[in-house]
Amino acid sequence: MGEETGNFAEIHRKYREERDNRLQVEGRAAYVLPEGELADKYDNDPWAETDGARDPVSRDIEVLIVGGGIGGLLAGGNVRQHGVPADEVCIIERGADFGGTWYWNRYPGLSCDTESHCYLPLLEETGYVPKEKYSHGPELFEHCQRVGRHFGLYERALFQTRIISAEWDEEAMRWIVVTDRGDKIRARFMMMCAGATNVPKLPSTPGLSDFAGHSFHTMRWDYDYTGGGSEGGMANLADKRVGVIGTGCTAIQCVPPLAKDAKELLVFQRTPSAVNPRGNGPTDPAWAANLKPGWQMHRMENFLNILSGLDEGEDLVDDAWTRDFAAVTHYLDEHADVPPAERQELLDMQAMEKVRARIDREVTDPATAEALKPWYGLMCKRPTFHDSYLKTFNRDNVTLVDTKGRGVERIVADGIVANGELHKLDCIVFATGFYTGGGMLGNWGFDPLGSAGERLSARWAREFSTLHGIHVSGFPNMFVIGSSQGVLATTRTYDMMIQTELGARVIEHCRNEGLARAEVTPAGEQRWQEEMAAVRLDLKQYYLDCTPGLFNIEGSEFQIWDFYYGGGPVQYRRVLDDWFPTHFERDMAVKRG
Ligand code: NAP
């Protein structure tokens, strides 16, 4: 690999330096969940038109779906397509409408970060083709509503409602679910689709309650304060000095419109993002008019296989995600003698050097350009995509406050202290992401009680095992969507789609065969643990060089991938297809009723 890899040692040194900077201040990685007065301020619902007060309902139904985001809509759409009538499906959702992350996030500049033709759920079924390659927020939210209407999911949905308990009743062979609105639902099947992106997280910075100006979280954007809407036009900021904390995927999208509208904008950076080109544009009507049945699945799998390093021949999506991966795959085909570790380095080298070179081209001030450069590998953090974020730092009213991995130090009455200096502000925008610290059960907000009288938290503390990440022994007729031991596809719709489809087929089978109860056996779970172990990705060495983040669990010795099926998303679908119905009765204990 010769000259191409000549800089590896120096680059590794810089990667280590970036990681060490970020690790040097103990506790800075920590986040807090908004509770008490912080919850009223940062975890409110700015979009609901009423407080949702209504009479409690009491129902017997076939399928209860927890969460009305993309996962819940996929579950609803799939069970409807597999024979469950609309009045037998109830989605319980905390927001006042469907959409999940697209309900909560409405910040200016919001857009899909993978191609919308792959990402948006159930496009063929609803007959919709997105207007742009990367849909903006309103189109994403509207499509969620379209799916809800198309499958009749609004009829029985309970919005602005939280589940407080779910217990398996062995005699009735149903889940008994109670909500904070006093509802009591007796459901034959329960699909858990609560997702991991419904609660805002705040940095554990001292002084969170001390700021005397205005502040809000990006996933609860306060247009009453800023004026304008998702297209920008935030006229009320024309005389304001605004600070944004965070430079992840969200900040990359909302910083450019903020810079346009605010008098002054200060961007507080802990770790720079890798910002790749976006190249958005309208959908070609001729292409849309000629789509053949099965096109969306074909396109998703082409995209995901390229990202898994497979040679697909053609690159249907052809964007910054796929180009780097496709280029490396082709290189490897021609250099089959190159050892795998060097192949990985080559991929990083090419992709990240391109990202850093783009910064030099686009940012005029050399010191700012240097501060914006990400010194870590391609797979350390989720890449971001934007065509005007970097150029935003050429504006006179925008300042990058680079904290070199240390983060902001303190929030005080009149602003933010960073690098020992007070930056006075009228408004603070927290672009600090979603809370995942409570694990999956934290996101659900309740802890199911299974058939043996054991809570799911206790069961998983004792032994974390599932079949396919979906079925858990001791928890009959329950389907967990988006869990560990499943897959984490780059376009999340894919993994939720195949899991909810499997769930819908199992439910259909149980209904057709008169099975009242289906529960995975411990032997079935054990088989999956062995299958997972056989394809486990060992990325420990790679992540040792990474700056802390979600993928290495904030610089821990573990990586998020340790907890997922390592064979890749498309292979995972093959596994599920092979399993059902062939091995269903081998791995599931069933009871008629
Ligand atoms: P995030 O990735 O968790 O980023 C949080 C940001 O806050 C990071 O830049 C973090 O810095 C920074 N931060 C935290 N504490 C700080 C402190 N004390 N001082 C300064 N900075 C601090 O959140 P996100 O950008 O909202 O993204 C969350 C998830 O949503 C991502 O997985 C992303 O893929 C997804 N997302 C998707 C889309 C889309 O599809 N359109 C859009 C937005 C987000 P460090 O980097 O140093 O930790």
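An oxygen atom of the ligand sits 3.1 Å from a polar backbone atom of D113, a polar contact in the sense of a pair of N or O atoms within 3.5 Å. This is a predicted model, in which local features need pLDDT of at least 70, side-chain atom pairs count only at pLDDT 80 or more, and totals for chains, interfaces and linings use all residues. Side-chain values use heavy atoms, with hydrogens and water left out, and residues are numbered from 1 along each chain as its sequence is written.

For C249, a backbone N or O atom is 3.0 Å from an oxygen atom of the ligand, while T250 brings a polar side-chain atom to 2.6 Å from a ligand oxygen. On its own the ligand has 910 Å² of accessible area, and the protein covers 86% of that (Shrake-Rupley method, 1.4 Å probe).

Let's step back to the whole shell. The ligand is surrounded by 27 residues, the closest being S111, T250, R270, T271 and K381; a residue counts if one of its heavy atoms lies within 4 Å. By class, ten of the shell residues are nonpolar, eleven polar and six charged (Ala, Val, Leu, Ile, Met, Phe, Trp, Tyr, Cys and Pro are nonpolar, Asp, Glu, Lys and Arg charged, and the others, Gly among them, polar). Helix α9 (residues 249-261) gives the most to this shell, with three residues; helices are DSSP runs of H or I, at least four residues, numbered from the N terminus. Domain 1 (2-32 + 202-278 + 342-430) and domain 2 (58-199 + 436-535 + 568-592) each contribute at least three residues to the shell, with bounds from an automatic or database domain assignment.

Now for the second largest pocket, with a volume of about 310 Å³. A pocket is an open set of points on a 1 Å grid over the protein atoms alone, where a 1.4 Å probe fits, with protein on both sides within 12 Å along at least five of seven lines; lining residues have an atom within 4 Å of a point. The volume is the space filled by probe spheres set on the points, which are joined across faces, edges and corners. Among its 14 lining residues, E18, E370, W375, D402 and K404 are closest to the centre. The lining has eight charged, four nonpolar and two polar residues, and its largest share, four residues, comes from α1.

F580 and P581 are joined by a cis peptide bond, with omega about 5 degrees, and P581 lies in the loop between α21 (569-579) and α22 (584-587). D318, though not a glycine, has a positive phi of about 50 degrees.

Technical notes. A polar contact is a pair of N or O atoms within 3.5 Å; within protein, one must be able to donate a hydrogen and the other to accept it, and residues adjacent in sequence count only if both atoms are side-chain atoms. Helices (H or I, at least four residues) and strands (E, at least two) are DSSP runs, numbered from the N terminus.
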